[in-house]
Amino acid sequence: MADCKPKPTPCVLGIEKVSDEESPSLEDPGEYRAIVASLIYVMTGTRPDLCYIVTKLSQKMSKPTRANLDLAKHVLRYLRGTSEQGLTFRKSNVPLRLNGFCDSDWGASVADRRSITGYNFQLSSTGPLISWKSRKQPTIALSTCEAEYIALANAVQEAKFFRQLCIDMKVSISDDNVLIQVDNQGAINLARNPVHHQRSKHIDIKYHFIRSEIQVGTISLKYVPTEDNIADVFTKPASKGVTLARFQVVGKCPSERDMLNNRQRLGAITSAASLSSLPGMLSGPQERGELRTQKD
């Protein structure tokens with residue numbers, strides 16, 4: 001695959017509506033499992049744009065087919081053409097605020113008609129992603145509003161975890177509440193209005209904890225158009241233009257020349273530093289047991 005032809009997207013459009021039951025099973029699924037395991041490693045570290053397709057591929061690990069293997073190789077071709085893409089973390093020039101996006105694709109799975117949940121979080125509106133997820137919902141949603149509401153509940157759980165993590169690590173956040181942006185007005189109204197409706201009374205009680213989090217001020221919701229929702233790429237295949245637009249927010253890996261310049265600059269700074277300054281450096285917050293955190 002080193003000399004393969006690159007692909008512009010992680011997967012073809014409409015893949016969520018195609019069934020692979022007619023494709024023959026692989027006699028030796030070891031190659032498929034090795035490819036998917038490597039993709040999981042890459043996706044977890046620096047490539048959130050692979051989150052949706054890796055989730056789809058991971059569901060076929062027990063009995064993969066020839067169609068699944070071709071799809072996995074399609075992802076490798078996409079990586080061949082976008083190897084320079086990734087996450088770049090640098091010091092932020094604006095105050096940090098934990099904010100996230102969440103989305104869902106109603107009835108996306110052809111086999112069981114379960115919806116897909118997707119969300120991501122950032123420490124600033126222009127910073128890279130620090131958390132992302134794409135997974136199949138455990139229950140079948142009866143409407144788009146219900147699917148978005150379940151996705152919102154999962155995003156609120158992740159937001160509470162990161163909020164407490166920032167407190168424990170003494171990371172300075174400009175606002176105590178976490179902003180979550182959703183592209184469904186019905187889910188926002190259902191979360192803000194604690195009234196039982198005919199169409200929502202069947203929703204599991206565990207998802208309604210969103211309302212209590214909004215009332216205490218831990219979470220705040222905001223509507224965002226679908227075209228501006230970053231989490232949309234975690235719920236369905238994206239076209240070439242959408243993928244590149246989302247990646248402008250994700251960032252780009254530094255080139256080898258940039259990394260070499262950074263090493264040379266760091267070496268010059270280190271060699272010019274006086275050893276007499278070390279006692280002063282060691283008498284800082286580290287002696288008091290505090291944690292210095294580099295801003296995103």
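Tutor: Asp-112 counts as partly exposed because its relative accessible area is 26%, where buried means under 20%, exposed means over 50% and partly exposed lies in between, using a 1.4 Å probe and protein chains only. Please keep in mind that this is a predicted model, in which local features need pLDDT of at least 70 and side-chain atom pairs count only at pLDDT 80 or more, while totals for chains, interfaces and linings use all residues. Residues are numbered from 1 along each chain as its sequence is written, and side-chain values use heavy atoms, with hydrogens and water left out.

Side chains of opposite charge can pair when their charged atoms come close. Asp-112 forms a salt bridge with Arg-114, the closest N and O atoms being 3.8 Å apart; the term stands for a side-chain nitrogen of Lys or Arg within 4 Å of a carboxyl oxygen of Asp or Glu. Arg-114 has a relative accessible area of 30%, and therefore counts as partly exposed. Asp-112 also meets the side chain of Lys-136 in a salt bridge, at 3.4 Å from N to O. This second pair links distant parts of the chain, since Asp-112 lies in the loop between β1 and β2 (116–122) while Lys-136 lies in strand β3, 24 residues apart; helices (H or I, at least four residues) and strands (E, at least two) are DSSP runs, numbered from the N terminus. Lys-136, at 21% relative accessibility, is partly exposed. Elsewhere, salt bridges that share partners join Asp-103, Asp-232 and Lys-236 into one network.

Lys-236 is partly exposed because its relative accessibility is 23%, whereas Asp-103 is buried, with a relative accessible area of 2%.

We can now turn to the helices. Strand β3, which holds Lys-136, is among the elements that cover the buried residues of α1, along with α2 and α3. Helix α1 has 16 residues and reaches 23 Å from its first C-alpha to its last, close to the 22 Å expected at 1.5 Å a residue, the expected span being 1.5 Å times one less than the number of residues. Its buried residues include Tyr-32, Ile-35, Val-36, Leu-39 and Met-43. Those residues cover an arc of only 95 degrees around the axis, which puts them on the same side of α1; the arc is that of the directions from the helix axis to the C-beta atoms. On the other side of α1, Tyr-41 and Thr-44 are exposed.

Strand β3 (129–136) is also part of what covers the buried residues of α2, as are α1 (30–45) and α3 (66–81). Helix α2 (residues 51–58) is mostly covered, with 6 of its 8 residues buried, namely Cys-51, Tyr-52, Ile-53, Val-54, Thr-55 and Leu-57.

Helix α4 (residues 144–168) has 25 residues and reaches 36 Å from its first C-alpha to its last, close to the 36 Å expected at 1.5 Å a residue. Asn-154, found in α4, counts as buried because its relative accessibility is 17%. Leaving out residues up to four places away in sequence, Asn-154 touches Thr-117 and Tyr-119, where contact means heavy atoms within 4.5 Å. Leu-165 is also found in α4, and its relative accessibility of 31% makes it partly exposed. After α4 comes Lys-170, whose phi is positive, near 60 degrees.

Finally, Ser-25 is found in the segment before α1 and is partly exposed, at 40% relative accessibility. Setting aside its neighbours within four places in sequence, Ser-25 is in contact with Lys-63, Pro-64 and Thr-65. The C-alpha atoms of Ser-25 and Ala-67, 42 residues apart along the chain, are separated by 8.7 Å.
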